[in-house]
Structures are given as structure tokens and as C-alpha cells.
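Here is a brisk report on a protein model. Keep the sequence and the 3D view open while you read.

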Amino acid sequence: MSIALYRIDDRLIHGQVVVGWGKPLNVGFIVLVDDAVRASAWEQELYRMGVPSEIEVVFASTEEALERLTEWERDPRVGILVAGDIDTLAALTANRHPVSRVNVGGLHHRPGRSERLRYVYLSDAEASQLRTLAARGVEVTAQDVPTTPPVPLEDFT
Amino acid sequence: MSEPLRGVIVSHAAVAQALLAAVAAITGVHDALVPVSNDGCDTGALAERLTRAIDDKPAVLFVDLPGGSCLTSSVRLARGRANVAVVTGVNLAMLLDFVFHRDLPPGDAARRAAEAGSRAIRTPAA
């Protein structure tokens with residue numbers, strides 16, 4: 001198997017990731033890519049608390065994720081990779097890395113962003129970033145949970 | 001006498017609001033609990049809602065799940081504050097007990113509520 005879901009979600013590891021996606025995908029590991037969380041053992045423990053013990057949680061900086069992406073893609077278990085912003089996922093899709101699909105699962109309201117979907121708020125610059133990703137050949141859709149249909153990029157940017 | 005504890009119910013969707021309504025219906029107590037939903041919130045927005053709900057008062061945060069955004073935001077907010085405690089797995093039984101024991105220190109009230117909530121989970125023979 002490999003990483004079944006590359007997700008952008010500013011809540012990082014939470015119920016929709018662990019239960020909503022994790023159960024139907026039968027995930028064996030979750031990779032959380034976030035430089036600040038990677039640097040804090042306390043934050044890591046906080047995110048680990050919401051994950052059943054049979055699922056491994058891997059914390060990585062963006063740099064570490066770039067180095068280990070191929071290893072995770074070859075893992076025999078099913079995995080989910082989650083990052084909190086578009087920049088991080090964009091970095092992972094650069095060069096020759098094998099990210100072909102990106103799921104926008106939750107980007108919430110902040111100053112400068114406007115509502116595109118109930119769970120997706122984007123600034124114009126962020127919408128443009130996602131279109132750039134798509135132009136690189138990455139399939140970008142929005143979908144909060146697997147029981148809802150994926151929303152094509154052109155419908156929310 | 002010091003100010004009674006405030007209970008803040010932190011949940012997904014409308015669980016917190018529904019629990020608050022149930023406590024009020026059963027006890028007639030309307031001023032002990034504040035509901036906070038994580039609907040539409042990133043981490044920062046939920047932290048703002050929690051900060052407003054606590055209002056710098058001594059409080060116990062009753063969180064729905066032992067993981068996820070409600071818990072992470074609540075624990076971050078309680079960190080380093082002796083007058084804020086966190087309990088997970090909120091249920092009606094623990095809230096009913098809490099509203100009548102708001103004179104305890106937050107940590108003691110949280111432990112008491114957790115015990116009351118645990119005692120309510122049973123599998124009665126049908």
C-alpha cells in the first residue's frame with residue numbers, strides 16, 4: 001500500500017482524519033507534517049492522544065517529510081499524511097516526489113480569506129497556489145469526509 | 001466565598017448546546033454551563049471561543065472526545081493555568097453532578113465529575 005490520502009487540514013489530526021477517513025481506509029499510520037509540532041514533544045503527545053494505539057503516528061518537519069516520502073509510499077500499511085497549510089503540501093509535490101492527489105479537508109476562516117465551501121476558506125493567493133498545484137499535474141479536490149462527494153478545484157477557487 | 005466554578009462544554013457540532021439544554025431541563029440550573037462548538041473553527045478560532053467562554057474565571061472544560069481539535073485547544077488553554085481543569089468524555093451524568101459541586105477547586109471538581117460520568121456507564125440487563 002502507500003499513502004492513501006494527502007490532506008490539508010488546519011486542525012491536523014482530529015476526528016475526521018482518525019475516524020472519518022481512518023476507519024474506512026483501515027490506516028496503519030498517520031504522518032503529521034508540521035515544523036512547530038515536530039519541535040514540541042508536548043504538542044506531539046496532545047495529537048497522539050486522539051489516535052488509537054494500533055495506528056502509528058509519525059511527526060515530521062517539512063524537510064524530514066521530503067526525505068522520507070518515498071519510504072512512506074513503500075510502506076505496506078495504508079497511511080494518511082496531513083499538513084496544516086497549502087505551503088507544506090506544495091513543498092511535498094515539488095520536484096520528483098510522488099504526490100498525485102491532494103485533499104483539501106479543512107481550511108477555516110481567517111482575516112483575508114473568503115468562504116469557498118462550508119469548510120474551506122481561502123485568500124485569493126491561496127486559491128492561486130492550489131491552481132498552480134493542479135497545473136503541475138496534482139489532482140486537487142475538497143472533501144471533508146469520505147461520505148461526501150469530492151468537489152473539483154474549479155468549483156471552489 | 002469565592003466565585004462558583006464555570007463549566008464549559010466543548011464539543012463537535014451541537015452536542016454542547018444540547019447537553020446544556022438537558023441540564024437546565026433536569027435541574028433548573030441555567031447559569032453554570034457555557035456551550036462551545038468547534039463548528040467552522042481552526043485552532044485559533046476555537047481558542048478564541050474558549051477564551052471568551054472562560055472569561056478569565058475558574059473553570060472546568062468538559063470535552064467530548066479524548067483527542068482531536070476540541071481536546072487539543074482545551075488542553076493548550078488550560079496549560080499553566082491552575083484555575084482551569086479539563087475532563088474528556090463529557091456526558092449528562094457528569095454535568096448533573098458538576099452543577100451542584102461548583103465550590104470545589106477546579107482539579108477536584110474535574111476528578112469528581114469524571115467519576116460521576118464513569119459511574120453512569122453501565123450495561124443493564126434487559
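The text below covers a sheet, salt bridges, backbone angles and a charged patch.

**Basis of the report**

This is a predicted model: local features need pLDDT of at least 70, side-chain atom pairs count only at pLDDT 80 or more, and totals for chains, interfaces and linings use all residues. Residues are numbered from 1 along each chain as its sequence is written, chains are lettered from A and ligands numbered from 1 in the order in which they are written, and side-chain values use heavy atoms, with hydrogens and water left out.

**The sheet in chain A**

Chain A holds an open sheet of seven strands. Their order is 3-2-4-1-5-8-9, and the pairing is mixed. Strands (E, at least two residues) and helices (H or I, at least four) are DSSP runs, numbered from the N terminus. Two strands pair if DSSP finds at least two bridges between them.

The edges are strand 3 (56-60) and strand 9 (151-152) of chain A, each of which pairs on one side only. Strand 3 of chain A runs parallel to strand 2 (residues 29-33) of chain A, and five bridges join the two. Look for A:I30: its bridge partner in strand 3 of chain A is A:V57.

Now turn to strand 5 of chain A. Five of its six residues are buried, so strand 5 of chain A is mostly covered; buried means under 20% relative accessible area, exposed over 50%, and partly exposed in between (1.4 Å probe, protein chains only). Strand 5 of chain A pairs in the parallel sense with strand 1 (residues 3-9) of chain A, over three bridges. There, A:R7 stands opposite A:N103 in strand 5 of chain A. Strand 5 of chain A also pairs in the parallel sense with strand 8 (residues 139-142) of chain A, over four bridges. A:V104 has A:A142 in strand 8 of chain A as its bridge partner.

**Salt bridges**

How many salt bridges does the structure hold over all chains? The total is 16. A salt bridge is a side-chain nitrogen of Lys or Arg within 4 Å of a carboxyl oxygen of Asp or Glu.

| Pair | N to O distance |
|---|---|
| A:R110 and B:D42 | 2.9 Å |
| B:D55 and B:K57 | 3.1 Å |
| B:R112 and B:D97 | 2.7 Å |

Take A:R110 and B:D42, whose side chains meet in a salt bridge. A:R110 lies in the loop between strand 5 (101-106) and strand 6 (114-117) of chain A, and B:D42 in the loop between strand 2 (33-37) and helix 2 (43-54) of chain B, so the pair joins two chains. A:R110 is partly exposed, with a relative accessible area of 40%. B:D42 is buried, at 6%.

The side chains of B:R112 and B:D97 also meet in a salt bridge. B:R112 lies in helix 5 (residues 106-119) of chain B and B:D97 in helix 4 (residues 92-98) of chain B, so the pair ties together parts that are 15 residues apart in sequence. B:R112 is partly exposed at 33% relative accessible area, while B:D97 is buried at 14%.

In the pair of B:D55 and B:K57, B:D55 is partly exposed at 41% relative accessibility. B:K57 is partly exposed at 23%.

Chain A also has a network of salt bridges, which links A:R7, A:D9 and A:R11.

**Positive phi**

Most residues other than glycine have a negative phi. A:N26 is not a glycine, yet its phi is positive, at about 55°. A:N26 sits in the loop between helix 1 (15-25) and strand 2 of chain A. At 61% relative accessibility, A:N26 is exposed.

B:A13, also not a glycine, has a positive phi of about 45°. B:A13 is in the loop between strand 1 (6-11) and helix 1 (15-27) of chain B. B:A13 counts as partly exposed, at 43% relative accessibility.

**A negative patch**

Which residues form the negative surface patch? They are A:D35, A:E63, A:E67, A:D85 and A:D87. Patches are made of residues with over 30% relative accessible area and no salt bridge; like charges are joined within 9 Å, nonpolar side chains (Val, Leu, Ile, Met, Phe, Trp, Tyr) within 5 Å. Areas come from the Shrake-Rupley method with a 1.4 Å probe; for residues, only the protein chains shown count as cover. Asp and Glu count as negative, Lys and Arg as positive; His and the chain ends are not counted. A charge is placed at NZ of Lys, CZ of Arg, CG of Asp or CD of Glu.

A:E67 lies in helix 4 (residues 62-73) of chain A and is exposed at 60% relative accessible area. A:E63 is in helix 4 of chain A and is exposed at 59%.
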